[in-house]
Amino acid sequence: MLAPGGEVENSSPLAQIALDSLALYPDFVAELKDISDLSIDYQRRGSVEIALNEAEAEALERRAIAQLAIGIHSESHHYEGSLSARFFPDDQLVSPRDVTAALRVACLRAGVSIREHEPVVEILDDGAGVRTEHCEYRGDGVLIAAGAWSSSLWSGLPATMPVRGHLIAYRPDRELLGPILRHGQTYLVQRSNGTLIAGSSTECVGFDRTIDERIVNEIHCRASSLFPELGSLGPAERWNGFRPRVEGGMPVVGHIEGTAIWTAFGHYRNGILLAPETARIIAESVLSVA
Ligand code: GLY
């Protein structure tokens, strides 16, 4: 999801980066498609958030007023069965799998050498390279962009906490959803290929990758209650991931003075949304330090 409408509540540095990054998305996707020759599921469908009781309706209205002040537009919307709803026309969705696949090809075509399944165990000499389990790689600098694992790579970085989230996917045989649909902690997104994804959970369980069927079932119940057509479909796929959270919620993006080390981590729930703006900030910083 590229959805500041659901993720950003008030004016903050994070809100500004989120909006700047969203604005970069159309060109970012176009360039990636062009370079990689791969398709990317990127849809500008907007999102609908519903309220089912008075308290939720008031909170949604209050949020909409605060959001308008920072440039996030929404309009009152009719959604069958809800007490009130708002439509956020600028929210978008992109497939993170498509973006990652295209980025991989774009990097390879630009001459980048990718080493997978070879975790970095140490950064050498203030950024002169890295040591992995197998060997050393030397270069002009190091960018720490290791998600929830980042802070373990260099002392003095803000601690990163993994916050596990489960997602489930359905495979309906037709298009069911228009815009992204949200209620509270539940969201539904349908990809162009029909796959409908429901999320999510927020769990502080360390780096435990176990799929918790109780949580899968709970998300399925919430998704079916939000969109009853899903009740007859069982989840076809389930997975989890670790959102990298840092105290204060602001991603750690920039240069570590006195070193050849840059950082780009701590994006918590919005890593995909914040990717283009993060890349822009890092590229600018690298060029100014070099
Ligand atoms: N980006 C949505 C989530 O983290 O659940």
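Helices, here runs of at least four residues in the DSSP assignment, are numbered from the N terminus. The model shown in these views is predicted.

**View 1. Crossing of helices α2 and α6.** Two packed helices are described by the angle between their axes and the distance between the axes. Helix α2 spans residues 13-36 and helix α6 spans residues 271-289; their axes come within 7 Å and cross at roughly 90°. Angles of 65 to 115 degrees count as roughly perpendicular, and α2 and α6 are therefore roughly perpendicular to each other.

**View 2. Residues in the contact of α2 with α6.** From α2, the contact is made by Leu14, Ile17, Ala18, Asp20, Ser21, Leu22, Leu24, Tyr25 and Phe28. From α6, Ile272, Leu273, Leu274, Ala275, Pro276, Glu277 and Arg280 take part. By type, these residues divide into 12 nonpolar, 1 polar and 3 charged.

**View 3. Domain 1 against domain 2.** The domain assignment divides the chain into domain 1 (1-114), domain 2 (117-158 + 248-289) and domain 3 (160-246). The C-alpha centres of domain 1 and domain 2 are 25 Å apart. Domain 1 contributes 16 residues to their contact, and domain 2 contributes 12 residues. Between them the two domains bury about 1,300 Å², of which 74% lies on carbon and sulfur atoms. Of the area that domain 1 buries against domain 2, 39% is supplied by Glu7, Leu14 and Ile17, more than by any other three residues.

**View 4. The salt bridge between Glu7 and Arg269.** The side chains of Glu7 and Arg269 form a salt bridge, with a distance of 2.8 Å from N to O. Across the interface of domain 1 and domain 2, 1 salt bridge is found.

Terms used. Residues numbered from 1 in each chain as written. Predicted model: local features only at pLDDT ≥ 70, side-chain atom pairs only at ≥ 80, totals over all residues. Heavy atoms only, no water. Axes fitted to C-alpha atoms, helices over the stretch in contact; angles between N-to-C directions. Helix = DSSP H or I, 4+ residues; strand = E, 2+ residues; numbered from the N terminus. Parallel < 35°, antiparallel > 145°, perpendicular 65-115°, else oblique. Contact = heavy atoms within 4.5 Å. Nonpolar A, V, L, I, M, F, W, Y, C, P; charged D, E, K, R; others polar. Domains from an automatic or database assignment. Buried area = accessible area lost by both parts, 1.4 Å probe. Salt bridge = Lys/Arg side-chain N within 4 Å of Asp/Glu carboxyl O.
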